[in-house]
Amino acid sequence: MNTLSNEYLTIRVSGKGAELCSLFSHDTQSECLWQADPTYWKRHSPVLFPIVGSVWENQYRYQGKTYYLSQHGFARDREFELILEKEDELRYRLVSDEETRKVYPFDFCLEIGYRLEEKRVEVIWNVKNPAQEKLYFQIGAHPAFNYPDFHAPDKIHGYFGFDRMEDLSYILIPEKGCADPQTSYPLVLDSNGRLPIDIHTFGKDALILENSQLKKVSLYDPKGNLRLSLHFDAPVIGLWSPPGKNAPFVCIEPWYGRCDRAGFTGAFDRKDWIQLLEAGEEFQASYTIEIHN
């Protein structure tokens, strides 16, 4: 583990998956990030690469060959190299090798960084294409946040707030971890413009909001106090907690990608929300976690 700390926050990051594993608030003396109890979910904040979600039947096709890849890809389970350690920043690197090419036939360099500034943590992604061929990929975040003041019997565990309150819609994942983008549902907010979170909110799995509907999602405690916000520029955002488990956490997930649509058997480069890098190009993106007390 590597640690960054300032007056307000301390974060801890693991070399495995370059995963943020702790986000501790000094103001409230509380852990903001889920601590990976496998009873509910065994991860903290994995980085999803080179796919987000599942490919149909766990397989995909590229240039006439079929490859097998499990949900969310392999980066979250690989050991990253620490390449930068400063007082306020950590940066990690993963590069393609013989093992990755067995399931993903592309050369890549993936760098993941964490920068601490006051009550904010900026998470930085950089994908480089070192090859002469095109590089197709997706990347996404999956941070899990503890509900503030969680009490299992409570009807409402908190609220989502958004930077937009009208005409929001979402799609679902009805089959084999894959989406139905043809059927959308209105996101119904309460009189305060917020979405109450209860045991039924994720009864049909994740809520997926596509097409850059949002740039900010905030989490409020059951009394309506603002506790944290995510700022992002990703075109897709997923909201999730394990269905039916009444889990003590919720995930706010900015994605540059999404699972396959159900039944999709086309080529990998025709996948929904696929990202493309030409030879020598770089992709840069980030999101910020802001803690409010």
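User: If a salt bridge is a side-chain nitrogen of Lys or Arg within 4 Å of a carboxyl oxygen of Asp or Glu, how many salt bridges does the structure hold?

Analyst: This is a predicted model: local features need pLDDT of at least 70, side-chain atom pairs pLDDT 80 or more, and totals for chains, interfaces and linings use all residues. Residues are numbered from 1 along each chain as its sequence is written, and side-chain values use heavy atoms, without hydrogens or water. One network links Glu89, Arg91, Arg93, Glu111, Arg115, Glu122 and Lys128. In total, the structure holds 21.

User: Nice! Are Asp260 and Lys271 buried or exposed?

Analyst: Their side chains meet in a salt bridge at 2.7 Å, N to O. Asp260 and Lys271 lie in the loop between strands E23 (249-256) and E24 (275-277), so the pair ties together parts eleven residues apart in sequence (strands are DSSP runs of at least two residues, helices of at least four). Asp260 has a relative accessible area of 3% and Lys271 one of 5%. Under 20% is buried, over 50% exposed and in between partly exposed (1.4 Å probe, protein chains only), so both residues are buried.

User: Which residue pairs with Lys176 in a salt bridge?

Analyst: Lys176 is exposed at 51% relative accessibility, in the loop between strands E16 (169-170) and E17 (185-186). The partner is 119 residues away, in the loop between strands E5 (47-48) and E6 (59-62). At 2.7 Å, N to O, the bridge joins Lys176 to Glu57.

User: And which helix holds both Lys102 and Glu99?

Analyst: Their side chains form a salt bridge at 3.0 Å, N to O. Lys102 is exposed at 52%, whereas Glu99 is partly exposed at 45%. Three residues apart, about one turn, both lie in helix H1.
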